[in-house]
Amino acid sequence: WVHTALGENFSTTLHLRENHTLVTHGPYRWIRHPMYTVLYIHLLGIFLLTGNWFLGGVYFLALSLIIAFRLSNEEATMVEKFGDQYRQYMQRTGRFVPRI
């Protein structure tokens with residue numbers, strides 16, 4: 001669902017294309033970073049399946065570090081590209097879970 005919503009905007013690198021658009025439909029209607037949310041849900045599933053605190057802890061730490069380093073750059077890039085449109089989007093959506 002996340003990849004379908006992103007369409008041609010999807011990239012594994014932090015890079016915006018010339019014709020990049022701000023995606024605000026699909027899961028992006030409620031959450032700015034649903035792919036990271038899915039990765040944390042996947043982590044929870046692995047932990048529940050294995051019951052291994054070490055495996056779960058290492059995966060959680062690695063994922064959290066990657067996201068922590070990447071997230072501020074991602075959001076700064078989006079603000080640079082889309083300006084107030086992205087700032088307004090940030091105000092109405094949650095980062096990883098929907099705002100209540």
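**View 1. Buried residues along helix H3.** In this predicted model, helix H3 has eight residues to look for: Gly-56, Leu-63, Ile-67, Leu-71, Glu-74, Glu-75, Met-78 and Phe-82 are buried. Their cover includes two other helices, H2 (34-50) and H4 (84-92).

View 2. Spanning residues 53-82, H3 contains 30 residues. From first C-alpha to last, H3 reaches 41 Å, close to the 44 Å expected at 1.5 Å a residue.

View 3. Start at the N-terminal end, which is capped by Asn-52. Here a side-chain oxygen of Asn-52 sits 2.9 Å from the backbone nitrogen of Phe-54. At the other end, H3 is followed by Gly-83, with a positive phi near 55 degrees.

**View 4. Helix H2 and its buried side.** Now turn to H2, where Pro-34, Tyr-36, Thr-37 and Leu-43 are buried. These residues lie on the same side of H2 because they cover an arc of only 165 degrees around the axis. Their packing partners are helix H1 (2-6) and H3.

View 5. With 17 residues, H2 reaches 24 Å from its first C-alpha to its last, close to the expected 24 Å at 1.5 Å a residue.

Note on methods: Residues numbered from 1 in each chain as written. Predicted model: local features only at pLDDT ≥ 70, side-chain atom pairs only at ≥ 80, totals over all residues. Heavy atoms only, no water. Helix = DSSP H or I, 4+ residues; strand = E, 2+ residues; numbered from the N terminus. Expected span 1.5 Å × (residues − 1). Buried < 20%, exposed > 50% of the residue type's maximum accessible area, 1.4 Å probe, protein only. Contact = heavy atoms within 4.5 Å. Polar contact = N/O pair within 3.5 Å; in protein donor to acceptor, adjacent residues only side chain to side chain. Arc of directions from axis to C-beta.
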